[in-house]
Amino acid sequence: MEVIESLGYQVYFDDTLASLETFLAARNYSKIIVLVDTNTLDNCLPLFQQALPSLSNYDVIEVDPGEENKNIDFCIGVWQNMLDFGADRHSLLINLGGGVVTDMGGFAASTFKRGMDFIQIPTTLLSQVDASVGGKTGIDMGSVKNIIGTFAQPQAVFISSLFLKTLDKRQLISGFAEVIKHGLIFDQAYYNQVKTLGIDQVDNALIKHSVSIKNRVILEDPKEKGLRKILNFGHTIGHAIEGYSLQHDKRPLLHGEAIAVGMICEGFLSHKLNGLSLTDLDDLIATFRRYFNDYSFSSSIDTTLLELMRNDKKNLSNQIGFALLDRIGSCQYDIFVSEEDIIESLDFYRELTAG
Ligand SMILES: NC(=O)c1ccc[n+]([C@@H]2O[C@H](COP(=O)([O-])OP(=O)(O)OC[C@H]3O[C@@H](n4cnc5c(N)ncnc54)[C@H](O)[C@@H]3O)[C@@H](O)[C@H]2O)c1
Ligand SMILES: O=C(O)C(=O)C[C@@H](O)[C@H](O)[C@H](O)COP(=O)(O)O
Ligand SMILES: [Zn+2]
């Protein structure tokens with residue numbers, strides 16, 4: 001078992017979940033509630049139960065799966081269930097699921113009775129390498145991603161790669177977008193290592209390396225006043241595309257798929273405005289196109305996408321904020337980009353992927 005020290009809590013890499021048993025034994029929670037979605041109820045709760053045979057007295061809250069349910073209505077359902085189960089400030093919420101469960105569960109716990117303890121047991125690659133660590137919690141409103149939320153740290157994070165065995169390939173690749181992002185913004189050698197990996201080559205060492213990159217950034221800037229914004233590379237445009245797709249596409253893009261589009265567009269902006277070489281841009285594009293299908297969207301939605309970008313949390317005084325690369329492995333933040341340049345980056349993506 002390996003451990004990373006994060007913001008006052010530990011991230012355990014522990015396929016046995018023995019560390020969770022020790023964690024619970026050392027605390028005297030008045031009540032334990034496990035939040036799952038329908039898929040993690042079927043696929044992950046049995047593994048959780050097997051690993052913790054001594055834990056029998058807990059309640060389960062189940063929500064429908066998927067981004068379309070990461071909203072206030074489902075959150076009210078979670079709060080209501082916690083009330084019904086008699087949760088108090090000395091209770092623990094265990095979020096057992098992907099980023100939707102860890103984001104929404106973290107938000108529900110951090111606001112319930114002004115805050116109760118929660119732990120994260122991420123069960124997707126995306127939530128293991130990114131969403132479960134760092135304390136960003138939240139929900140969407142319509143097409144606007146993560147617009148209501150808190151910074152609230154879990155009491156601990158328990159990562160077991162065994163959960164990934166039931167995850168489908170599309171979800172694994174979606175999570176891989178954040179892995180590639182970690183290399184692009186912080187670690188060129190890591191980027192070079194991961195950019196040709198097969199998705200079946202994802203292992204504990206890779207998950208731990210990604211978490212350690214994210215952790216170094218958040219330790220320096222827990223509340224995203226500065227450096228932490230680099231973790232948002234690809235997200236100004238990616239979140240707008242994700243939010244749009246969620247409301248309009250029959251089969252909406254997943255988070256990682258949308259930010260892969262965003263990272264190509266923001267790669268273009270990095271080249272145009274922040275000194276990223278053409279060689280690095282071409283490399284970035286080839287990497288994302290190796291793993292991700294092209295997304296087709298017409299210029300008629302550009303005004304809607306810009307409207308969504310006007311809600312980005314990195315914005316300042318009506319200027320749309322970006323984190324952009326100057327080379328692979330290095331990223332700057334607080335770069336404000338004109339709407340003309342943003343549209344040029346969307347045109348660039350469309351031309352790149354046309355035909
Ligand atoms: N807080 C953060 O720092 C942060 C970072 C990155 C992403 N996010 C958020 O995370 C969310 C995306 O997370 P995600 O990709 O994990 O999506 P998700 O939670 O929707 O999970 C993806 C799908 O996999 C299913 N699933 C989960 N674990 C499974 C398993 N082990 N076996 C089989 N099926 C399983 C889920 O039910 C769901 O259908 C987005 O809302 C994004 O905004 C947050
Ligand atoms: O942890 C962070 O900080 C990130 O930006 C990680 C992102 O991958 C993640 O998608 C996050 O939820 C985006 O946050 P937001 O503040 O842009 O909503
Ligand atoms: Zn993300």
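**Exercise 1.** In this predicted model, find how far an oxygen atom of ligand 2 is from an N or O atom in the side chain of D130.

*Solution.* Begin with D130: an N or O atom of its side chain is 2.7 Å from an oxygen atom of ligand 2. A polar contact requires N or O atoms within 3.5 Å, so this pair qualifies. Next take K313, where a polar side-chain atom lies 2.6 Å from a ligand 2 oxygen. Then take K181, with a side-chain N or O atom 3.0 Å from an oxygen of ligand 2. Finally, consider cover: ligand 2 taken alone exposes 430 Å², and the protein buries 92% of that.

**Exercise 2.** Describe the shell around ligand 2 by count, residue class and origin.

*Solution.* Count first: 13 residues surround ligand 2, and the closest are D130, K136, K214, R228 and K313. Sort them next: seven are charged, five polar and one nonpolar. Then trace their origin: domain 1 (4-166) and domain 2 (169-353) each give at least three residues to the shell. As for helices, α7 (169-186) and α10 (235-248) each supply at least two.

**Exercise 3.** Which helix gives the most to the lining of the second largest pocket?

*Solution.* Start with the pocket itself, which has a volume of about 300 Å³. Its lining includes K169, R170, I173, E257 and V261. Both α7 and α11 (255-274) supply at least two lining residues. The largest share comes from α7, with three residues. To finish, sort the lining by class: six residues are nonpolar, five charged and one polar.

How values were computed:
Residues numbered from 1 in each chain as written. Chains lettered and ligands numbered in written order. Predicted model: local features only at pLDDT ≥ 70, side-chain atom pairs only at ≥ 80, totals over all residues. Heavy atoms only, no water. Near = heavy atom within 4 Å. Polar contact = N/O pair within 3.5 Å; in protein donor to acceptor, adjacent residues only side chain to side chain. Areas by Shrake-Rupley, 256 points an atom, 1.4 Å probe, with all protein chains shown as cover. Helix = DSSP H or I, 4+ residues; strand = E, 2+ residues; numbered from the N terminus. Nonpolar A, V, L, I, M, F, W, Y, C, P; charged D, E, K, R; others polar. Domains from an automatic or database assignment. 1 Å grid on protein atoms, 1.4 Å probe; cavity = no way out; pocket = protein on both sides within 12 Å on 5 of 7 lines; lining within 4 Å. Points joined across faces, edges and corners; volume = space filled by probe spheres on them.
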